Amino acid sequence: MASSKRSSSQAEAIDHDEEDFKTPSAVQKTKRTKRTKRASNATANDEEETERIDFEDSDLTRPDMGIGNTSSFETDEYGAIDMRHALELKPDHPNRPILVTPDGQIFLETFSPIYKQAYDFLIAIAEPICRPEHIHEYRITSYSLYAAASVGIQTDDIMKYLDRLCKTDLPLPVRKDIRTCTERYGKVKLVLRSNRYIVETNDEKAISDLLKNPVIRNAKIDDSEVQEQRGGAPSADKFQFEGQAAADAARLRTSQAHQEDGDELSDEALVAAADATEELAAVPKDILDLYDRVDEFAADTDKTLFSFEIKKEHVESVQAECAPSRLDYPLIGEYDFRRDQKLRDLKIDLKPTCILRPYQEKSLSKMFGRTGQARSGIIVLPCGAGKTLTGVTAVSTIKKRAIVLCTSTVAVEQWCSEFRRWCNVDPSIIRKFTRDDKELPPEDCIICCTYSMLAPKKNRSEEAARVINFLRKREWGIMVLDEVQTVPAAKFRALLTEIPSHCKLGLTATLVREDGKIDDLRFLVGPKLYEANWMDLQAAGHIARVQCIEVWCRMTEGFYEEYLRGKNRIHLKRQLCVCNPIKFMYCEYLIRLHEARQDKIIVFSDDKFALRTLAMQMGKEHIDGDVPDRQRHDIINRYKTTPSFRTIFFSKIADNAFDLPEANVLIQISSHGGSRRQEAQRLGRILRKKKNDRTKPGEYNAYFYSLVSQDTLEMAYATKRQRFLVMKYLPGFEDEGRTRPYAFGTEHKQTQLLSRILANKMPGYGVCCAQDEEGRTSIVGDDDDDLYPAAVQRRATSLSSFSGANNMVYQEIRARTKKNECGLIVLLCLAVCPE
Ligand SMILES: Nc1ncnc2c1ncn2[C@@H]1O[C@H](COP(=O)(O)OP(=O)(O)OP(=O)(O)O)[C@@H](O)[C@H]1O
């Protein structure tokens, strides 16, 4: 076996690497740089250098971030900066865990006894850039400071605590820039009152700055005077956040259950931690009270409050105008749900058996703080870490009418069942709004629906229109946005204001979009409230320990010849890579290997043709967009409950939201151009904590295989992966094939497959089918060979069938056509009615 490990000291795999934080222009620049490099035959080392250069050019150092620069320092031939003369180490520096550079970079030692506390503080004020095992890298940006301000951390606190944790004095440029950046943050709020959007502040300068801005002036309702009110916002410190009995009880239980995690920075915990670390002396006294004030909310109750109303349809433009990159008065969304007399309380409590995990509790504490008000914002937890329960707890804490938006009907189903599973609640108030379920919900309800059900549509059914009208006419206590990274899409973002909600909670594992619109979320939804570290959760056993392996599959001669001949026919080339018979055989071998170990396996393929071909040849169940909902649920239930049902094939519809805690092996035979977000979400299917796990700490208990056709364009996608063990050969593969031949082991089958691809006769592709919005495909009948024993049938039929007889229905299919080709091909075809 030839194997090699890529540098693990590079950015943390998949969920966080440098490109995640780039603006579109920075991404463009990356692409440009990469193209140039490729043109000049870049070597692997050059590629690494390219990444570094790009990162230095990224938006994190763009001027509006305001954080200092290092241009006045000399660099050596490798670009390293010697700062020993500029930054003097404190005498007790080994006991302080961070180093801050003048350009706002922060390095954190993960082996420090106060790592957890320092981490919690840094994640609240800075963006994680790269979090390998021993030293993490963070960067302070204006957005991260906005997030800090919105959870109540004051400018002075940021500087004081950074200074205390830092091995040197805090560099002056950083001090200056933090002050400049934060002096306006946390001053202006956007609140919803009686279905009207109100901008509020108790800062006179802020109100005059806002009203000088033409966009805001235009958004202000003409006859709405600027209201002045003595006394300002309700006193937060008088407000004791009692929380809901069950939620608090659950938190208390968690705290007790996880005391050893030392999540709160108590003096005893620090001292004990320091004592336990022999090499390190005691933690300096001045950082012992680090957290005493961090969560305190400094409500300025004596000041005058100014407010004015803005038009609903202008909310987004006002939010964008106030963002750090523009007016620099980012709007904070807070909901004083405990005092809201208008919306009736729902009878919902967490069950006493529900025990939150420490990171779930921590993320919710950032949302609710000690003030009891709910802050809008985003919580980032790795896939499988339990975002659903985090959202369910937020809803059950606020106890007001709630709406949950998800990416698929399966996710809707899961949210509904998680509400019933974790809460004492009348099940009749948990409602779905999906294409099969359009019943009008009761007034006080928790409604779960897909984004696409609410997106603008031309021919909406009457029932659906009635439900949407219901949703728009009411105020909602909380709107939970699952997979929040989908929200910036043009057709979804309007939903955030069309359906008025007091508080918005975005949940995601991957705050990444390849189109660079991720920054919009910070004003559309709110700042990032919390982000857990994948490695910490793995080490604590909350998610599985996954071994990621990239398997290089050479191509058969016939396929490779066609691949080389394909030249610019990128679609054909991609198809040949995915359907490479050696890849199919490797996949079959891995399935056999893991089935024999009693593992539960998922095979992923974006390519429906490959998915169906392999699944059918191996006699396995598959789920793609064409499988009706009811059948999907049935297959998933059987997979979850039947021990002998070991392998399931999925198309990209299962990339996220499918909760399959049993699955521990994932084999990916095709991916969407190597998208990191997609891979991270897929990885999430096997990241769930394993029941009855018998592996020892440090051993892997889950496997992610990505099969890549060697010397093809798939190898280029693969270079984006950073922590995969590369295998060019699977030991035992040939022996297994001799004992039991593989489905695509014969030349006959391989030739048959190739000729099908070349003739473009593939269900799932080309003119043979078309996809609708939700990924369902309409298949045209096909003929001859034995690749699809039961998939499709061509039937001779009579004219009466066209009018609905014989269980047949008409379907119009819009075929995918190349640009500039004859436009639209509409096929009239017959499909068997799903019922
Ligand atoms: N505190 C908890 N106690 C017990 N089980 C939990 C807890 N939190 C989450 N789980 C379980 O962990 C599994 C994964 O949770 P969930 O589906 O919410 O993950 P997720 O973060 O939404 O993942 P994805 O992004 O992949 O959909 C579920 O089976 C859930 O019931």
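**Loops, sheet and ligand shell**

Reader: What does Asp-711 count as, given its C-beta neighbours inside 10 Å?
Author: Asp-711 has 13 C-beta neighbours inside 10 Å. A residue is buried with 20 or more other C-beta atoms within 10 Å of its own, exposed with 12 or fewer, and partly exposed in between, with C-beta atoms placed from the backbone. Asp-711 therefore counts as partly exposed.

Reader: What kind of model is this?
Author: Residues are numbered from 1 along each chain as its sequence is written. Local features need pLDDT of at least 70, side-chain atom pairs count only at pLDDT 80 or more, and totals for chains, interfaces and linings use all residues, since the model is predicted.

Reader: Where is Asp-711 found?
Author: Phi of Asp-711 is positive, near 55°, and the residue is not a glycine. Helices (H or I, at least four residues) and strands (E, at least two) are DSSP runs, numbered from the N terminus. Asp-711 sits in the loop between β27 (702-709) and α27 (713-718).

Reader: Does Lys-399 count as buried or exposed?
Author: Phi of Lys-399 is also a positive value, near 55°. The residue lies in the loop between α13 and β15 (402-406). Its C-beta neighbours inside 10 Å number 22, so Lys-399 counts as buried.

Reader: Which strands are the edges of the seven-strand sheet?
Author: The open sheet runs β17-β18-β15-β19-β20-β14-β21, with parallel pairing. Strands pair if DSSP finds at least two bridges between them. Two strands pair on one side only: β17 (430-433) and β21 (528-531).

Reader: What angle does the direction of helix α12 make with that of β21?
Author: Helix α12 (residues 358-368) packs on the sheet and touches β14, β20 (501-508) and β21. Contact needs C-beta atoms, placed from the backbone, within 7 Å. Axes are lines fitted to C-alpha atoms, for helices over the stretch in contact, and angles between N-to-C directions run from 0 to 180 degrees. For α12 and β21 the angle is about 165°.

Reader: Which helix gives the largest share of the shell around the ligand?
Author: Of the 19 residues around the ligand, those nearest are Cys-383, Gly-386, Lys-387, Thr-388 and Gly-684. Near means a C-beta atom, placed from the backbone, within 6 Å. With three residues, the largest share comes from helix α13 (residues 387-398).

How values were computed:
Two residues are in contact if their C-beta atoms, placed from the backbone, lie within 7 Å.
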